[in-house]
Amino acid sequence: MTNVVRYLTHPQVNIDPSVPVPRWGLSEVGKARTEAVTATGLLSGTTQVISSGERKAIETAEIIAAKMGVDVEVREAMHENDRSATGFLVPDEFEVMANQFFGHPHTSIRGWERAIDAQLRIVREVEHVLSRNTPGDVLLVGHGGVGTLLYCRYSGLGIDRAHDQPAGGGCFFAFTSQGRRVLHGWRRLEEL
């Protein structure tokens, strides 16, 4: 049985350089965007909501799952690429680092997790979830970096930031549970 699997990135967050990035929560804009998608009913066939262990992803997943009456399963290894070696970076510096991360996938840039390793990790987590063959659609809630790496793998593309989600987060792509055929590339949350 083929179901739809959607990988959704968390929307806008409260940026606080004094708090570790994995503990950042959704901003009011991010919460409002997530609440709005629950009213569409387009996720009604979803029977599993799986989240990264980072706070912003969990908050996104909980908002959606609560409206659908589904529990959230947290999978710690679905986290964003490990950037703890540098901690918070101002936006311009972050963009340079992200370009290097995707541009040199077999190299650790300033101590960041290598893109190839992050890709193997996120694919392993998704494959574990899908191997259970649970009936119904699946919503995976995570992050832009590893989401792009997952998109590249299932699309048969090399790791490249050209395939990254649009700026701002709160985007999703979809693929089939059987055969992992990508149904469409990144779309904004509001198109769910």
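Reply: Here is a walk through the sheet, the helices beside it, and a few single residues.

This is a predicted model, in which local features need pLDDT of at least 70, side-chain atom pairs count only at pLDDT 80 or more, and totals for chains, interfaces and linings use all residues. Residues are numbered from 1 along each chain as its sequence is written, and side-chain values use heavy atoms, with hydrogens and water left out.

Strands (E, at least two residues) and helices (H or I, at least four residues) are DSSP runs, numbered from the N terminus. Two strands pair if DSSP finds at least two bridges between them. Strands of a sheet pair through backbone hydrogen bonds, either parallel or antiparallel.

Buried means under 20% relative accessible area, exposed over 50%, and partly exposed in between (1.4 Å probe, protein chains only). Strand 1 runs antiparallel to strand 5, joined by 5 bridges. Val5 faces Phe175 of strand 5 there. Strand 1 runs parallel to strand 4, again with 5 bridges. There, Leu8 has Val141 as its bridge partner in strand 4.

Move to strand 2 (residues 46-52). It pairs with strand 3 in the parallel sense, over 4 bridges.

Contact means heavy atoms within 4.5 Å.

Helix 2 (residues 55-68) has 14 residues. From first C-alpha to last it reaches 20 Å, close to the 20 Å expected at 1.5 Å a residue. That expected span is 1.5 Å times one less than the number of residues. Its buried residues include Lys56, Ala57, Ile58 and Glu59. Ile63, Ile64 and Ala65 are also among them. Their cover includes strand 1, helix 1 (28-38), strand 2, strand 3 and strand 4 (137-142). Just after helix 2, Gly69 takes a positive phi of about 70 degrees.

What about the cysteines? The structure holds 0 disulfides, a disulfide being a pair of cysteine sulfur atoms within 2.5 Å. The sulfur of Cys152 is 15 Å from its closest cysteine sulfur, in Cys171, too far for a bond. Cys152 counts as buried because its relative accessibility is 0%. Cys171 is also at 0% relative accessibility, so it counts as buried.

Last, a loop residue. Glu113 sits between helix 3 (91-103) and helix 4 (115-130). At 17% relative accessibility, Glu113 counts as buried. Its side chain makes a polar contact with the side chain of Arg121, at 2.8 Å. A polar contact is a pair of N or O atoms within 3.5 Å; within protein, one must be able to donate a hydrogen and the other to accept it, and residues adjacent in sequence count only if both atoms are side-chain atoms. Leaving aside neighbours within four places in sequence, the contacts of Glu113 include His79, Asp82 and Phe101.
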